[in-house]
Structure formats: structure tokens, C-alpha cells
Amino acid sequence: MYKKVISPTSGTFSCIEKTVSGQNPIYIPLDPANTDYAEYLLWEAIDGNTIADAD
Amino acid sequence: MSLILDGTNGITNLTSINGGQLGGRRNLVMNGAMNVAQRTTSTAGLGATALERVLDRWGLITNTVTAGRVTMAQVADGPSGFANCLKLTTTTADTSIAAGEVMLIQHAFEGQDLQQIYKGVSGAKELTVSFYVKGNANATYTCELFDRDNGRTIGQAFAVTTAWNRIELTFPGDEDDGSSPFDDDNNVSLHIQIFLHGGSTFSGGTFVNNTWADQANNTRMAESHTSILDATSRTFFITGVQMETGATATAFEHRSYGEELALCQRYFQQWGGDTAYGFFGGVSSCTTTSTAFHPIICEVEMRANPTFAFVGAASVFDLRNDANGSHPLTGLAMDQSTRKVVSITLTRSNADLTVNVPSQLIGNNSTVGRLELRADI
């Protein structure tokens with residue numbers, strides 16, 4: 001569902017790819033003010049939820 | 001009507017000022033006239049997802065429990081002086097209301113935009129919310145102000161009839177404990193919420209009209225509340241939403257479409273969908289035979305670093321890279337995001353791009369493809 005994206009420009013973890021079945025992925029910046037990122041942080045805080053490594 | 005001059009409210013009932021546009025920038029609500037709908041003008045089957053947006057700055061909130069479904073749309077209807085409104089139409093009724101069900105429409109304010117109301121500190125100001133509503137039949141709903149920073153709520157019931165009526169609701173200032181101001185930042189501090197449906201979790205307690213209190217969910221909906229999901233004939237129309245400081249509901253402050261669009265673009269921007277070979281702006285640069293970078297320059301600075309999304313298959317986007325013509329994409333992703341510029345990566349699995357040649361991102365003979373930046377609250 002959530003996967004790290006490594007920036008081709010900087011070579012660092014720059015954003016998160018979120019995939020939902022049947023929909024295009026969305027790309028979420030690592031900004032606490034972004035509501036998609038806030039939602040990710042809530043998901044990550046649940047035991048057992050771990051973001052996938054980048055390809 | 002008498003002219004009133006006092007030290008609290010200033011001059012009231014002076015129609016040449018309060019009834020006109022001389023006192024500009026009174027309305028704290030964005031897209032209150034429901035004229036801006038960048039995403040789409042109608043979405044059906046809503047009710048299964050926690051948050052849905054159709055018109056800019058207005059969200060439909062449900063808790064995904066209800067079986068009821070509605071269509072939310074921008075429609076060309078309104079009282080005199082308004083071209084558009086937000087319309088909800090119930091398409092699937094739900095008369096077996098579980099305790100935790102809720103459905104409401106919501107508008108959000110950033111804390112930094114509300115410092116002037118002194119919320120939570122000495123001298124907290126009254127707020128007046130006004131709007132025009134109608135429905136298919138008489139109904140009673142609840143308008144709430146929800147202080148997200150401090151977990152405080154206040155609500156008032158209002159009536160809907162089959163004719164357009166202006167509702168004017170003045171809420172007292174809330175000094176709270178005297179030291180709980182809204183955060184001075186770009187996060188949400190206050191919501192206007194119109195409760196349209198809810199179970200006992202939201203109505204089981206004793207509703208106290210127009211009194212600020214710490215959040216207690218079971219007192220948030222007024223007594224004798226209508227459910228918009230009680231029948232498939234049910235409709236709800238709203239426009240002309242205004243929130244202003246003070247105890248007087250002044251005339252709705254109309255703003256130009258361009259002004260309102262720019263305000264909304266702080267939260268959402270989109271490109272594309274206009275013509276089959278529409279240009280997506282910016283100049284792309286190919287760094288490998290299969291990868292290009294494309295800058296998206298934001299129309300206005302966004303509230304937060306935005307989320308990137310695209311509509312349509314990757315193949316509806318075309319990178320015109322060299323004399324060989326069309327190069328439909330196989331992937332789009334985000335590289336970096338800031339409030340002013342977003343860099344996206346374009347992928348072409350055929351690996352036939354010419355490196356270091358300025359390129360154009362256009363539609364691939366399709367109006368389906370759209371690029372979106374989202375910084376909603």
C-alpha cells in the first residue's frame with residue numbers, strides 16, 4: 001500500500017507511493033502539514049504496518 | 001430599522017455600508033458561492049469513503065458505516081444573485097441508522113487565517129455564519145463550528161424549506177480558558193460543519209443550542225434532526241456561505257471567479273483535460289533514454305508540499321522529444337515536492353528518448369489525462 005520512493009535527483013528517500021487497487025498511485029511528500037502524509041503516519045503507527053522499501 | 005452605534009459592534013443597520021460591498025474581505029469562507037469545481041462538477045455514489053470532494057473547499061464527510069449514498073454536484077441553481085449551488089441528492093436511503101453513522105459537509109480554515117477572531121483568549125469575537133438553503137421538503141439540520149486545535153464545538157439548528165431562505169447564525173466568542181488560541185500555522189484550526197445525518201453517537205446526549213463546550217460527540221446534533229438519507233426523494237441545496245466577525249450577517253461578499261479560483265488553488269491545482277494535444281506546461285528534460293524530468297510550476301503557492309496524482313492511464317500522456325514524434329509514457333511519479341514547484345519523473349519503457357533534448361509533455365490525442373497537486377485540509 002505504501003512504498004518509499006528514492007529521488008533520482010538526490011538519491012534520498014523523497015516521497016511515498018500510495019497504491020489502492022484499481023486506482024493510479026499517488027505520491028506523498030514527507031511534509032507533516034500534508035494530510036496524506038498525516039494519514040500515512042497514523043497508518044504507520046499501527047503495530048505491524050511497515051512501509052515497503054523502494055524498488 | 002434603527003441605526004445603532006456602540007463600542008462593541010460599531011455601526012449596524014447602516015445599509016449603505018453593511019448591505020453593500022464597501023466593507024470588503026469580510027467573508028472568511030472560500031468558494032462560498034460554489035462557483036469553483038476544478039475536479040469535477042458531479043460525483044455519484046458517495047457515502048462509502050470517509051472524505052470526498054467535488055466543489056473546491058467543500059468536503060463530504062462520512063464514517064463509511066452508512067449504506068446510504070448521495071450524489072454531490074455543482075448545479076446552476078440559487079437565490080437571486082447566485083448562479084451555482086452545492087446540491088446533495090440521496091440515491092440510496094438508509095433508514096436503519098446505526099449509532100456511529102454520520103454524514104456532513106465541511107469547510108476548513110487554516111489557523112493563520114483566523115488569528116483576528118481571538119479564539120480561546122480574552123476578547124474572543126463573535127462569528128456570524130450565513131448561507132442560503134433549500135430542500136425537497138421541510139427539514140432540520142445542525143450547523144456547527146468545530147475548533148480542531150482545542151476540541152471545542154458549538155452548534156445551532158436551522159430549518160430548511162422548499163424555497164431558498166437565508167439562514168443567519170451568530171455564535172458567541174469563545175475565550176475558553178483564556179490561553180487556547182488557534183495555532184498560527186497552515187494546519188486546520190476550525191471547521192464549519194453541516195450535520196445532515198447521524199446516529200446516537202452524535203445525537204444521544206442533550207444538545208445545548210449555541211453554547212461552546214468541550215467536544216462531546218453525543219451532543220453535536222440538534223433534537224428533531226432530519227436525516228438526509230431518510231428517502232431517495234431527499235435533496236439539500238446550499239450556497240452563499242459566509243463567515244464574518246461580529247454579530248451582524250452582512251450581505252454576501254461576492255468575489256470574482258479569478259479571485260476565488262486563486263484562493264482555491266492554494267489547496268488543489270490541476271492541468272489538462274482541455275484539448276486532445278494539450279500542453280502541460282514547463283519544459284521536460286530527458287536524462288536517460290527512458291526517463292525525463294518535468295517541472296510543474298504551481299499557479300499559486302500551495303498550503304503545504306502537495307501530493308502528486310494523475311488521472312488516466314500513463315499512455316494518455318505523450319512526451320514529444322525529438323523528430324521521431326510521439327512517445328507515449330509508461331509511468332509518472334513524483335521526484336520532489338515543494339509549495340511552489342513539483343518535479344515529476346516521466347518513464348518510457350521503450351527506451352527510445354533522445355537524451356538532453358528539450359521536450360514537451362502533451363496529451364496523447366486524449367482529454368482524459370490530468371495532472372493534479374493536492375494540499376487540501
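Reply: A salt bridge is counted where a side-chain nitrogen of Lys or Arg lies within 4 Å of a carboxyl oxygen of Asp or Glu. By that rule the structure holds 23 salt bridges over all chains. The model is a predicted one, in which local features need pLDDT of at least 70 and side-chain atom pairs count only at pLDDT 80 or more, while totals for chains, interfaces and linings use all residues. Residues are numbered from 1 along each chain as its sequence is written, chains are lettered from A and ligands numbered from 1 in the order in which they are written, and side-chain values use heavy atoms, with hydrogens and water left out.

Me: Why is the pair B:Glu244 and B:Arg26 called a salt bridge?

Reply: The N to O distance between the side chains of B:Glu244 and B:Arg26 is 3.9 Å, and the limit is 4 Å, so the pair qualifies.

Me: How do you know that chain A and chain B are in contact, and how many residues take part?

Reply: Contact means heavy atoms within 4.5 Å. The contact takes 17 residues from chain A and 23 residues from chain B. The two chains bury about 1400 Å² between them, 50% of it on carbon and sulfur atoms; buried area is the accessible area (1.4 Å probe) that two parts lose on being put together, summed over both. On the side of chain A, the residues that lose the most area to chain B are A:Asn24, A:Tyr27 and A:Ala33, together 36% of what that side buries.

Me: How many salt bridges does the rule find across the interface of chain A and chain B?

Reply: Across this interface of chain A and chain B the rule finds zero salt bridges.

Me: What are the domains of chain B, and how far apart are their centres?

Reply: Domain bounds come from an automatic or database domain assignment, which gives domain 1 (20–265) and domain 2 (268–374) of chain B. The C-alpha centres of these two domains of chain B lie 36 Å apart. Nine residues of domain 1 of chain B are in contact with ten residues of domain 2 of chain B.
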